[in-house]
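I am opening these notes with a helix and then turning to the domains. The entries follow the order in which I looked things up.

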Amino acid sequence: MEESTWEPKVVGFLCHWCSYAGADLTGSARLEYPHNIRIIRIPCSGRVDPLFILRALQNGVDGVLVSGCHPGDCHYQSGNFHARRKFGVTRKLLEYVGIEPERVQFSWVAASEGPKMAQVINEFVEGVRKVGPNRLFKDEQ
Amino acid sequence: MGYKKIKKDQLKALFGEFSKDYSLLVPSRSKGHVSFNPWDGDSADFAEWYRNTTIPPKAMFFPPVEEMLRFKKGEEGYEIEELLPGEGTQVIFGIRPCDARALKIIDILFSDTYKDPYYLTRRENAILVGLGCNEPCETCFCTSLDISPGESGDVDLFCTDIGDELLMETVSDKGEDLLSKMSGVSDASGEEESKAKELGESVKEKITREINTSGLLERMRSNFENREYWEGVSRKCMSCGICTYVCPTCHCFDICDENNKKDGKRVRNWDSCKLPLFTRMPMENPRHEKWRRIRQRYHHKFEYYPMNFDTIACTGCGRCIRECPVNVDVREVIGGI
Amino acid sequence: MENKLKEEAGKLLKEGKVDYIIGFGKGTVKFRTSPLITNKEEDLDNLVINPFIANNLSRYPIELKSRVGIVVKGCDSRSLTSLIQDNKLNREDLVILGVPCEGVVDIKKVADQSKAEIDQITDINREGDSLAVQVNGSSKTIPFRDVVFDKCYGCAHPTPLEYDILLGSEVPPSLETEKSLKGIKELEEMDASDRWKFWKEQFSKCIRCYGCRNVCPACFCERCFVDVNMPQWVSTYATWQDNLVFQLIRTLHVTGRCSDCGECERACPVGIPLRSLQRKMVEEIKDLFGYEVGIDKDSPPVFTHYEATDPEDFIK
């Protein structure tokens, strides 16, 4: 019963200068994207510590999306380059430990890419829907 | 109280009986380290390999994480749900004399000015079945702290391993009660009694390392300001909490409330005076430096606790020496004072 | 090697080239060594080099904040170099006494192979490629390499790469890498939910003693993220969820600085296989960025540096 009415709840860490503006543009252009995402604005994708991702999963969200500027376009020059390296290892560890890779997604979305933002969020939420609710950190099994 | 005995191969049946009425905890290796675990329904041969557990029995009375109460914001204020331990009885089979003494030592503290209901309820609802040591570990030094590895007045029923059988001696009424419920028990002969006593004596002799407790209070006091000594001793320490958590008499804890806006819980958890932030306060941290924390721990165990409660808060179990990654040895530290 | 060590260390102290000597000292328990940190010449007699020198001493120089002479094996020297790469230590403040290492004996493995308890072993002596073990009055001979720590198999740099004085002759790299990755391979063969169950079970044992964190040379933060309470990232108490998050984040923070010295796993009192996490990350870094820690003290640490060609196939 619970399964059929379950809607994924996902968190998006979007960088202020590109991805957040991109999501804003999606809204202004009246393009729809799923309501399942809760957006958290961060100054730069490089701000994201893997701790945020794990904490979000621990607190029960079904998926985490991190989005930043395209390489070369970072407002802070190199934040997304460092982020790229960090995320490369983070996702390897999370997969190794047994967390479904569909739950954690990374993307580069520019401020002008309103449609792309909608598409990314859409695909992400559908991917999370397929893997089901996050029961990883629950006590009962 | 006469001596009784039970054959070791009847232990499995005995454990089966116990499990019906009690929550039975026995030494086990199933988790990758030696610990007291609920009986798995099958193995009863721990006497062949068991020395002592890594986590001491204090964990069964004073758990590493203990929810004390839950609260919820109702319409007229907070509704509080107390989470005292239940009434079920625990039987802990195989507790060593050093650990049993340790429980008596921290009993004093937990029933001092404030009688801790969480700890005391569990203590009252537990039956301790002791097991004497036949072989000491290299790290044992209980004899220098007036503890005998072959006997114990701190348990309810005391067993000695005399080969194929366990010799049993009741120590308290609870123990007598437990014994009367056990089947497969027979009377022990005089020879078997003497064998057990001899074993106890020989183990005492095998413990060769000791800790120097003569004139201890005076020595501790006069060396308190000896910064050079404490800095030297503490240089290799890495300020983790291993020694405090594996120590059967260490008892420091922290209490935290965790809540979201509507409800929450209050949890007690183990804390360690060795960790850098233990004494951190808004204005300052009086034990910011590592040597102060090491000094404080040894003084607490060997000076303040005896001053307040007439007993040294150490039982010579040796776990701190065994588990310390850098081999800080309490015998050396106290010996050097 | 031991005599040369005592001689060189004595000289360093006498000539005032260093303020402290950090080396392996005799332990108070059989088959263990204890870090010896001293500024007194008479203490140097207790320096040892034997098959049990498991400690990683490179976590001490930062605390001491002075010029030190430090004894390191292959793995430790890479931790030390990592700290130099991170600018936590100056190369000029260190006199590195390198010990070419053929492996460190894991007493638990000796006990297993001798079918006895650790306390029943009375003596162990190295005789060429074997260990002569005295157990319960009888002798056994075991191949030395059968009872070294898992990390020692496949050690690519047993001889320290950065040193001032080399205390023995160079040791060639070991080629048994597969054996050191045994735990990791077993986990990779399980499916995801079994892996999660495995780690959930392991971290239910964790008592949050922070032995792993404090023994690690790469954990040099003055205030660890678990000690921050505004915001409280991880609960202060030991639930398996928080224990797991703590260790996963510690692993990620330490990635790129970890040289797989294995001290975290050795320190853990409840036997959690931490190397299966840390070593996995060492392999990933090699795979993704072609980086190995502690090889070149002048190269930047892996996460302070980036390349235009870093892999981004996973980023939409």
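**One helix in chain B**

I began with helix α1 of chain B, residues 11-21, where I found B:Leu11, B:Leu14 and B:Phe18 to be buried; I keep in mind that this is a predicted model. I then asked what covers the buried residues of α1(B).

**Domains of chain B**

Next I looked up how chain B is divided, and found domain 1 at 4-206 and domain 2 at 216-335, with their C-alpha centres 25 Å apart. Here 33 residues of domain 1 of chain B are in contact with 28 residues of domain 2 of chain B. On the domain 1 side, the elements giving two or more residues are β4 (65-74) and α2 (97-110) of chain B, and the largest share, 9 residues, comes from β4(B). By type, I recorded that side as 21 nonpolar, 4 polar and 8 charged residues.

**Domains of chain C**

For chain C I wrote down domain 1 as 2-106 + 148-289 and domain 2 as 107-147, and the C-alpha centres of these two domains of chain C lie 25 Å apart. In chain C, 6 residues of domain 1 are in contact with 10 residues of domain 2. The domain 1 side of this contact in chain C consists of 4 nonpolar, 1 polar and 1 charged residue.

Key:
Residues numbered from 1 in each chain as written. Chains lettered and ligands numbered in written order. Predicted model: local features only at pLDDT ≥ 70, side-chain atom pairs only at ≥ 80, totals over all residues. Buried ≥ 20, exposed ≤ 12 C-beta atoms within 10 Å, placed from the backbone. Helix = DSSP H or I, 4+ residues; strand = E, 2+ residues; numbered from the N terminus. Contact = placed C-beta atoms within 7 Å. Domains from an automatic or database assignment. Nonpolar A, V, L, I, M, F, W, Y, C, P; charged D, E, K, R; others polar.
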